[in-house]
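Biologist: Hi, I'm new to this one. Could you walk me through it?
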Amino acid sequence: MKNRLIGGTIVGIITLIALFAGGVVTAIILTLSSLIAVRELMKVYSLEKSSFAWVNYITTVLLYVFLYFEKEQLVMPLSIVVVIITLAIYVFRFPKYKDTDMMRAIFSFLYGAILLSYILRIRSMEQGLALSFFVLISSYTTGLQASVLS
């Protein structure tokens with residue numbers, strides 16, 4: 001529990017610095033945070049070195065490139081492509097992977113990359129710095145409560 005609390009505090013401080021910096025600094029730090037989140041989720045499921053993971057890593061970077069260059073209209077097609085490629089990997093590598101592996105891979109991308117990308121989207125809005133603090137505070141306090149209660 002203590003390690004999770006310390007880790008959460010460090011991530012919170014790094015995110016705070018990224019929010020103040022804005023622009024490319026925020027995009028790079030959030031991209032790295034999303035890659036770490038996706039990897040950790042894939043690691044929980046023992047899929048961190050699988051084909052599913054590589055699809056998630058590449059598309060996470062693409063997601064943030066699209067957002068940085070204000071191509072939000074490409075986010076939904078990218079998400080659909082992730083699902084289609086993940087389904088194709090499952091079909092073509094069938095005995096190796098189970099349906100739960102496929103679902104876990106899709107969840108890892110949606111949770112680890114897409115949800116964190118909303119911090120960048122909020123930060124780029126008018127008054128985004130102030131609004132992004134609400135996201136940081138709420139996510140930090142819920143993570144802290146989860147650490148204390150578990």
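Predicted model: local features only at pLDDT ≥ 70, side-chain atom pairs only at ≥ 80, totals over all residues.

Biologist: OK. Is Y68 buried, exposed or partly exposed?
Modeller: Y68 counts as partly exposed, because its relative accessibility is 38%.

Biologist: Which ring does Y68 pair with?
Modeller: With F69: the ring centres are 5.1 Å apart and the planes sit at 80 degrees, so the pair is edge-to-face. Rings of Phe, Tyr and Trp (its six-membered ring) pair if their centres lie within 6.5 Å; planes under 30 degrees apart count as stacked, over 60 as edge-to-face and the rest as tilted. F69 itself counts as exposed, at 55% relative accessibility.

Biologist: How many aromatic pairs does the structure hold?
Modeller: Six. Another of them is F52 with Y97, with centres 4.6 Å apart and planes at 50 degrees, so that pair is tilted. F52 lies in helix α3 (residues 51–68) and Y97 in the loop between α4 (75–92) and α5, so the pair ties together parts that are 45 residues apart in sequence. Helices here are DSSP runs (H or I, at least four residues), numbered from the N terminus.

Biologist: And are F52 and Y97 buried or exposed?
Modeller: Both F52 and Y97 are buried.

Biologist: Switching to helix packing: at what angle do α2 and α5 pack?
Modeller: At about 160 degrees, with the axes of α2 (residues 23–44) and α5 (residues 99–123) 9 Å apart. That makes α2 roughly antiparallel to α5, a label for angles over 145 degrees, with under 35 being roughly parallel, 65 to 115 roughly perpendicular and the rest oblique. Axes are lines fitted to C-alpha atoms, for helices over the stretch in contact, and angles run from 0 to 180 degrees between N-to-C directions.

Biologist: What about Q127, where does that lie?
Modeller: In the loop between α5 and α6 (128–149). Phi of Q127 is near 65 degrees, a positive value in a residue other than glycine.

Terms used
Residues numbered from 1 in each chain as written. Heavy atoms only, no water. Helix = DSSP H or I, 4+ residues; strand = E, 2+ residues; numbered from the N terminus. Buried < 20%, exposed > 50% of the residue type's maximum accessible area, 1.4 Å probe, protein only.
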